[in-house]
Amino acid sequence: MDKIDAHQHFWQFDPVRDQWITHEMSALKRDFLPEDLFPALVKNNFDGCVLVQVEQSERENHFLIGLADKNDFIRGVVGWVDLQSANVEERLAYFQSFEKLKGFRHLVQDEKDRAMMLRPEFARGMKALRHFNYTYDILIFPDQLAYAGTLIELFPEQKFVIDHLAKPYIKEKKINPWKEEIVRVAE
């Protein structure tokens, strides 16, 4: 069985686009590309990785797919598509031609509407993901776990990944509310 790093980001640093990288994360204010990761994978006996999008654009999908095509150790890509778009099925059909594209995610954590993933338009996108057999990565904060649980209940056949374990508030020592919700979601 292969040992895979299931969540890896590559980018060419852009200070405008990447404003999410705060001063505390200044070590990330540079390019991160396959040649930066590959030695660490080899050293730690990993066979490959899955790339996950950072920028919500189809342009980045093509950037990540291009990296995957050039690097065999990149086993899969999680990209972005506008799940609320009226033409979401058309876009997903287009992306079917890229073998290493395995799923999609949306930066739900950044949405003002904390329950955004329960909108009817989003549900239409979720149905389309299932139709095309794509996974969906849920990127949220703990205050959105209840909504994620509802989403998962609405789409029991969909394959989900909860990125970063919904980013529990470890520094603030607010673990119990997160723990209760993550257990519910896991069930």
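**Exercise 1.** With which residue does Arg184 form a salt bridge, and how far apart are the closest N and O atoms?

*Solution.* Start with the basis: this is a predicted model, in which local features need pLDDT of at least 70, side-chain atom pairs count only at pLDDT 80 or more, and totals for chains, interfaces and linings use all residues. Residues are numbered from 1 along each chain as its sequence is written, and side-chain values use heavy atoms, with hydrogens and water left out.

Step 1. Apply the criterion: a salt bridge is a side-chain nitrogen of Lys or Arg within 4 Å of a carboxyl oxygen of Asp or Glu. Arg184 meets it with Glu181, the closest N and O atoms being 3.5 Å apart.

Step 2. Helices (H or I, at least four residues) and strands (E, at least two) are DSSP runs, numbered from the N terminus. Arg184 and Glu181 are 3 residues apart in helix H6 (residues 176–186), so about one helical turn separates them. An α-helix has 3.6 residues a turn, so residues three or four places apart point the same way.

Step 3. Check exposure. Buried means under 20% relative accessible area, exposed over 50%, and partly exposed in between (1.4 Å probe, protein chains only). Arg184, at 32%, is partly exposed, and Glu181, at 24%, is partly exposed too.

**Exercise 2.** Which parts of the chain does the salt bridge between Arg75 and Asp2 tie together?

*Solution.* Step 1. The side chains of Arg75 and Asp2 meet at 2.6 Å, N to O. Arg75 lies in strand E3 (residues 74–79) and Asp2 in the segment before strand E1 (4–8), so the bridge ties together parts 73 residues apart in sequence.

Step 1. Arg75 has a relative accessible area of 34% and is partly exposed; Asp2, with 45%, is partly exposed.

Step 2. For the whole structure, a search finds 11 salt bridges. A network of them links Arg17, Asp18, Glu55 and Arg59.

**Exercise 3.** Which residues of helix H4 are buried, and what covers them?

*Solution.* Step 1. Check the length of H4 (residues 120–131). The expected span of a helix is 1.5 Å times one less than its number of residues. The 12 residues of H4 should therefore span 16 Å, and the end C-alpha atoms are 17 Å apart, which agrees.

Step 1. The buried residues of H4 are Phe122, Ala123, Gly125, Met126, Ala128 and Leu129.

Step 2. Contact means heavy atoms within 4.5 Å. The cover over these residues includes helices H3 (88–95) and H5 (145–154), and strands E4 (101–106), E5 (135–138) and E6 (160–162).
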